[in-house]
Amino acid sequence: MTIVPVNRRAFIKSSAAVTAGLVLSPAIIGRAEAATLKLKCSSSLPNDPKFANGRVYYDNLVKNLKGNGLGEQIEVAFFPDNQLGQEIDVINSVKLGVIDLMVSGSSISANLVPLVGTYDLGFLFSSFPQQTKAFDAGAAKPIEDALLKGGNIRIIAWAYNFGSRSVLAKKPVKTPEDLAGLKIRTLPNPVITECLRLMGAAATPLAFGEIYTALQAGVLDGLEHDPPTILASKFFETAKFYALTQHNFSPLAIYFSDMTYNRMDPKLREGFLDAAKKAAADTRAHGLAVEKEALAALTEKGVTVAECDREAFRKRVAPQTENFIKARPESKAVIDIIRATQA
């Protein structure tokens, strides 16, 4: 198992050739089954084995593949820190089978299948454990089915981002009025952008890899993200006030290309998927533990971590869910399950 630095142009060129080869020469697959299966796994986050969810998931995947006796049969190369491109490009490469695995929040795939944006609705979930119960009760399957049908992407399992998303800014934020006029980076996703706009911010969609320099240059006044990501990506160096809005408990998705799924030997695939699901469970446990540690570390680095008027923010965002249901009636069944689930 390897963590690989990569030249993007060379990767794209070689990946295109590989994809063409698979389409034109299916016999190659049969001859290669006895060899080591090589998969590519992408994450936008830094290569931090403690505070970056992509690296944590990768390490857990390697461990569980070895535990299932597949350490010599499957080799997963890990590409952190946007090495394979910005997330919007990577999710499209997963759709096309150029990249096999991607560890990222659910939000990015809403650009392919808008129904996934259900999970981005502000203040929809109350906690990650509540989210897991809701998914187990049926709130995950319609989204998974829609992503497979509309995006050619499977969800191997759901994990947790390492904490709820809150607002880090260059000035204190306690109320919606404090957010007025502040350029807050959001994911390039219309639902979460709308959530921040309703909260009072000048919501500014931007690729993850561009956040740090935009904060430095004053293009942004802040961003919304979880504590470990803020710590691992060193965003605290440019913004020092963290308001615990906790407006979004974004599920972490383990995306798997359906093209890769279909070309794997069924017996090998079964063991791989088992290891991948176990890795997600291990990553969930790690995420719950590391959020508090990251908050403490941010405080030590000079960040003011403060409570805010969450109820005021929640009331401002409340109309978003009903408007989303009107626009996408198929989301109502998912939302009803989530609302009915107690933590």
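This is a predicted model: local features need pLDDT of at least 70, side-chain atom pairs count only at pLDDT 80 or more; totals for chains, interfaces and linings use all residues.
Residues are numbered from 1 along each chain as its sequence is written, and side-chain values use heavy atoms, with hydrogens and water left out.

Next I looked up the rings. I found 11 aromatic pairs in the structure (Phe, Tyr or Trp rings, the six-membered one for Trp, with centres within 6.5 Å; planes under 30 degrees apart are stacked, over 60 edge-to-face, the rest tilted). Phenylalanine 256 pairs edge-to-face with tyrosine 261, at 6.5 Å centre to centre and 80 degrees between the planes. Phenylalanine 256 also makes a tilted pair with phenylalanine 272, at 5.4 Å and 40 degrees. That pair links distant parts of the chain, 16 residues apart: phenylalanine 256 is in strand β11 (residues 251-257) and phenylalanine 272 in helix α12 (residues 266-300). Helices (H or I, at least four residues) and strands (E, at least two) are DSSP runs, numbered from the N terminus. I checked burial here too, and both phenylalanine 256 and phenylalanine 272 are buried.

What lies over the face of tyrosine 261? I found arginine 154 there, 3.7 Å from the ring centre. The charged end of arginine 269 also sits over the ring of tyrosine 261, 4.2 Å from its centre (the cut-off is NZ of Lys or CZ of Arg within 6 Å of the ring centre and within 35 degrees of the ring normal).

Last, I noted one aromatic cluster, formed by Tyr119, Phe125, Phe135 and Trp158.

Technical notes: Buried means under 20% relative accessible area, exposed over 50%, partly exposed in between (1.4 Å probe, protein chains only).
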